[in-house]
Amino acid sequence: MRTARLAILGALLAALALPVSAQAGNYTIHNCPSSLQPNNDAGPWRSWSTGPLPSAGAYQGSCTPNGVLGAAIGWYANEQSFSTDLGVQLQTPSSSISIVSLRLVWAASGKSSGSDTFGQVLSDTGSEIAHEAPFSQPDVVAFPDGTRTAYVDSYCSTDGSTNCYFHSNTTPVIELSGMDTTLAESVPPTATVTGGSLAGAGAVSGTGTLDFTADDADSGVLQSQLLIDGAPVLTDGYTAQCPYTNFAACPTSMPDSMVWSTTSVPDGSHQVALRVTDAAGNVQTVDDHTVVVSNPTITPAPHKRGEVKVRFVVVWTWQPTHTRLISIRAEHLARSAHLAIVCKGAGCPRRFARGVRDVPAARLRGELQGRVFAAGNRLDLTITQAGLSRERVQFRIRAGARPVARVR
């Protein structure tokens with residue numbers, strides 16, 4: 001009889017009322033109806049034995065309530081071979097995942113004759129406890145660092161020198177009705193940015209997008225956040241897709257897309273990054289880079305009767321000394337209208353320094369798109385159309401800021 005397994009039982013029972021708390025790097029999977037978060041999945045627990053399997057008996061591999069043999073996993077038999085272990089095994093899939101502790105709801109039936117039986121919890125690192133059958137109770141078992149394999153089984157001892165016999169082949173030799181297993185892993189998740197207007201370093205305006213795939217092969221991907229200037233502005237959580245019943249508690253790969261309004265921040269340079277968290281609480285920040293938010297300048301519409309009424313929508317990017325006109329669009333600009341374009345001040349594009357007169361409406365974008373202006377310049381657009389008074393719009397180019405527009 002393994003008397004050493006009984007010595008630490010009293011200390012373990014005092015911890016039963018409290019679940020093991022999760023910390024960064026830890027996460028808990030739940031199996032069977034008596035778990036902290038009930039489900040009917042036996043998860044990664046598998047049948048295990050050191051000797052011949054019972055000739056008259058059965059292994060139940062799920063915790064489905066009202067099953068033929070009960071709402072538990074385990075072995076049901078009328079005989080267990082002498083000096084053997086019969087039960088279930090939990091083995092982590094890689095060296096990056098280890099078993100921290102086990103909250104176990106379990107039971108075993110006493111022998112009807114033969115050698116005595118014990119329910120026991122063992123591990124590959126030497127941690128173990130045991131109860132002499134019959135019993136039905138919960139236990140919390142903590143394991144040493146680096147534990148990767150745990151066994152919960154019935155041990156047919158050597159004290160009677162015969163096999164262990166039970167009343168019938170439906171007797172629960174060993175059964176587990178609830179397992180909450182806390183696992184540890186410290187490998188941070190990763191993410192690959194696959195596209196979107198926020199992925200590059202160029203100018204962005206309006207609605208920005210960041211497309212990506214987050215990955216974590218161990219505990220799985222729990223959450224992704226879009227960071228602007230170091231603070232989260234969008235959070236996508238995947239809890240609904242996390243069953244917490246297997247080693248990868250959440251999906252190991254999660255494609256997603258963040259959609260964010262650039263109008264929520266001032267124009268100018270901003271840091272964009274993606275932060276990914278796995279089910280164990282490990283965090284990784286990726287794709288940290290700068291974008292320039294440049295939302296359009298929209299000119300006011302003239303309101304005088306008989307005046308040309310054109311509104312310009314202009315997107316700029318700016319530096320402390322120079323500003324580039326990225327795009328320009330004119331609303332309510334008749335095809336028959338003509339424009340005069342004049343730039344005033346040092347550093348104006350040579351073409352506009354003396355003014356360009358009589359520009360057809362269709363050529364407006366081609367004339368201005370991509371042009372660079374110096375801080376302090378004044379860009380005047382004068383629109384004429386037959387039968388209407390002309391409209392004059394002026395853009396004042398500023399140092400390190402969006403140009404200011406007014407109707408004159």
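Trainee: Which residues touch the most other members of the largest nonpolar core?
Mentor: Ile73, Val121 and Val152, out of 41 residues in that core. This is a predicted model, where local features need pLDDT of at least 70, side-chain atom pairs count only at pLDDT 80 or more, and totals for chains, interfaces and linings use all residues. Residues are numbered from 1 along each chain as its sequence is written, and side-chain values use heavy atoms, with hydrogens and water left out.

Trainee: What is a nonpolar core?
Mentor: A set of buried Ala, Val, Leu, Ile, Met, Phe, Trp, Tyr and Cys residues joined through side-chain atoms within 4.5 Å. Buried means under 20% relative accessible area (1.4 Å probe, protein chains only).

Trainee: And what is Val121 in contact with?
Mentor: Beyond its neighbours within four places in sequence, the contacts of Val121 include Leu102, Trp106, Ile129 and Val152. Contact means heavy atoms within 4.5 Å.

Trainee: New topic. Where is Thr299?
Mentor: In the loop between β23 (297–298) and β24 (311–318). Strands are DSSP runs of E, at least two residues, numbered from the N terminus.

Trainee: Is Thr299 buried or exposed?
Mentor: Buried, because its relative accessible area is 0%.

Trainee: What lies 2.8 Å from a polar atom of its side chain?
Mentor: The backbone nitrogen of Phe312. Phe312 is also among the residues in contact with Thr299, as are Val393 and Ala405.

Trainee: How many bridges join β17 to β20?
Mentor: Nine, and the two strands run antiparallel. Strands pair if DSSP finds at least two bridges between them.

Notes
Helix = DSSP H or I, 4+ residues; strand = E, 2+ residues; numbered from the N terminus. Buried < 20%, exposed > 50% of the residue type's maximum accessible area, 1.4 Å probe, protein only. Polar contact = N/O pair within 3.5 Å; in protein donor to acceptor, adjacent residues only side chain to side chain.
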